[in-house]
Amino acid sequence: MDTNYKRTVAGSVGAGLGAIFNATGRTYYILEHKTNSKYHHAGESQKIIVDQIELGRDSSCQVRFDEAFETVSRRHAAIVRDGSNWKLIPLSNTNATLVNGQPISNERILNSGDEIRLSSQGPVMGFIMPQGQQSLVKSIGLTERMNLFRKQALRPYKTAIWILFIVLILAVGGLVGWNVWQSKNYEAQLADMQFEQQMISDEMAAKEAEISALTSKLNNAETRARMTASDVRKANEAIQQYEAEKAELAKKQQEIEASINELNKKVEEEPVAPVVEEKNQLEKVAETETPVAQAADIQDCYNSVYYVKMDEVTVFDKDNKELVRFTTDYLIGGTGFILDNGRFITARRVVEPWFYYSGSKVLGKDRRGVSWTFKDIQAALSREGYKVVANYTAYAPNGMNFKFKNTDVRGDRGFESTDSYYVLEAYKLNASLYRLFRTQEIKLKSYDKTTKADWVSMAKADQLQKGNGLPFDASYSVSPVSGTEVVILGYPLGAGMKNSESVNPDKRINNVNVTGLNDKGVIELSSRRYQEGNDGAPVLINKDGKWVVIGILSHTDSSDRDVVVPISYTK
């Protein structure tokens, strides 16, 4: 394969040093792993701060895959900075490199959201470019930058890197010494200036007292009568002289104040404490390879995340007469959660799935053994005055369970759409009315699956007795930042729910794909984590050391990305 690509020290070590000590204006990107491997788990977000990385099975590759991936070459591909862009360069002559499912033969500029695959059956990664201030390397803490730099430096330069670490520590140590001496020097100058300033203030006060005494003497009639013309003239001359000297002292005092301000400005520009802190961080990073732990433990959120199971469905006619009742043994549950304001939140598709799925999926069987599907429920609801009541149980990891009905919740429905459905008249509702050749057309209701109205809420403040609810950030939920890592806690395909006494939500990681909301008014994530069962799950970010909810997992859109309803929409 014809390529001008070469490994360079500047692209790894040089760029890494720039990311640590000159991060202003430098950008980074994220590789989101979508395939489990020995070195990377599915959902892992890998921040890349150097200008050049390689992907493959070789131990020198920064993004390494194990021997189980036989179709991944030793050095399969590289990602290199190209001005403000990043380009993917295929390196393998035997195994393909694909972008968005299409093999590439030459270098290719990557766009945020692109999917990279190493060989047709190989591991998959998402390419994400954060936006705004979040895209800058300086938004990453120094300690994390040091860890990333060390891990992403090409293996052949590892010894050189450790030497650089030692040199850096010594250099920073010298810088600390210089700053300490400089600080002491500044302090001495500042003390001298402040002493001189005080002396001038005292002298000005003495001049002011002399002027006041002479003025008072001249203004006193009795004293003035005893004074000769010569005495009056001398007193006025003395007052003028003192005024002039006082003005000169005031000017000098202003100069000293300006010098003090300038000195204080230098102290602010060259603080000692941050340099000492950087030295300590450098030493700490050199001593350990342990990644920086999150300030908040996501497991603290688990007790507020409920598995929601539909137990039973009853159909009533317009006279509120029960027509049929059946248990929902064939339906996977969903997810709900408690907020710290006492509201219970889930997706509307969890409590009214028949408005979102118009297929032949079986919910359960009634006493006659007749199967009921989503379409059958829609057909019943199309009849004037008919209603469907579903009973639910919500199960929490701490044993705090409660029951509710779909009629207990509130929320905004999305746009309705209709579909024709031909059924044997009333067969499902009353077998005795069955007529083989009599059919009728029924207009079925369903709701826009991409709507921002896929949420419901209900007051459940009493559930906070056994644990606090989840805090939430309404303002961030409508202005998310691309690249931000999010955690989804739910029960995909029923995972995490063995029985009522063994409940534990599944944790999945994703990233915000675009800054702000998409054209549907929802948060767009970078890849798919959605599976039936974790709809309604809370989507959280780590903000200031605390996990906060920004939205509700809804579904996956046509581009196979998760979408999230902003928590600010709920009431």
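**Note on the predicted model**

1. Strand S11 provides the largest share of the lining of the second largest pocket, 4 residues.

2. By class, the lining divides into 9 charged, 6 polar and 4 nonpolar residues.

3. Six strands form an open sheet with antiparallel pairing, in the order S26-S23-S28-S29-S30-S27. Its edge strands are S26 (506-511) and S27 (523-524), each of which pairs on one side only. In general, strands of a sheet pair through backbone hydrogen bonds, either parallel or antiparallel.

4. Two bridges are enough for the pair to count, because the criterion is at least two bridges between the strands. Within this pairing, Ile 523 has Val 564 in S30 as its bridge partner.

5. Helix H1 (residues 9-21) has 13 residues, which at 1.5 Å a residue should span 18 Å; the end C-alpha atoms are 17 Å apart, in agreement with that value. H1 also bends, by about 25° at Ala 15.

6. Ala 15 is also one of the buried residues of H1. The term needs its cut-off here: buried means under 20% relative accessible area.

7. Asn 100 has a positive phi, near 55°, in a residue other than glycine. The residue sits in the loop between strand S7 (97-99) and strand S8 (102-104). Is Asn 100 buried or partly exposed? With a relative accessible area of 41%, Asn 100 is partly exposed, since that class lies between the limits of 20% and 50%.

8. Asn 320 has a positive phi too, near 65°, and is a residue other than glycine. Its place is the loop between strand S12 (305-316) and strand S13 (322-327). The relative accessible area of Asn 320 is 45%, so Asn 320 is partly exposed.

Notes. Residues numbered from 1 in each chain as written. Predicted model: local features only at pLDDT ≥ 70, side-chain atom pairs only at ≥ 80, totals over all residues. Heavy atoms only, no water. Helix = DSSP H or I, 4+ residues; strand = E, 2+ residues; numbered from the N terminus. Expected span 1.5 Å × (residues − 1). Bend = angle between axes of the 7 residues up to and from the residue. Buried < 20%, exposed > 50% of the residue type's maximum accessible area, 1.4 Å probe, protein only. Nonpolar A, V, L, I, M, F, W, Y, C, P; charged D, E, K, R; others polar.
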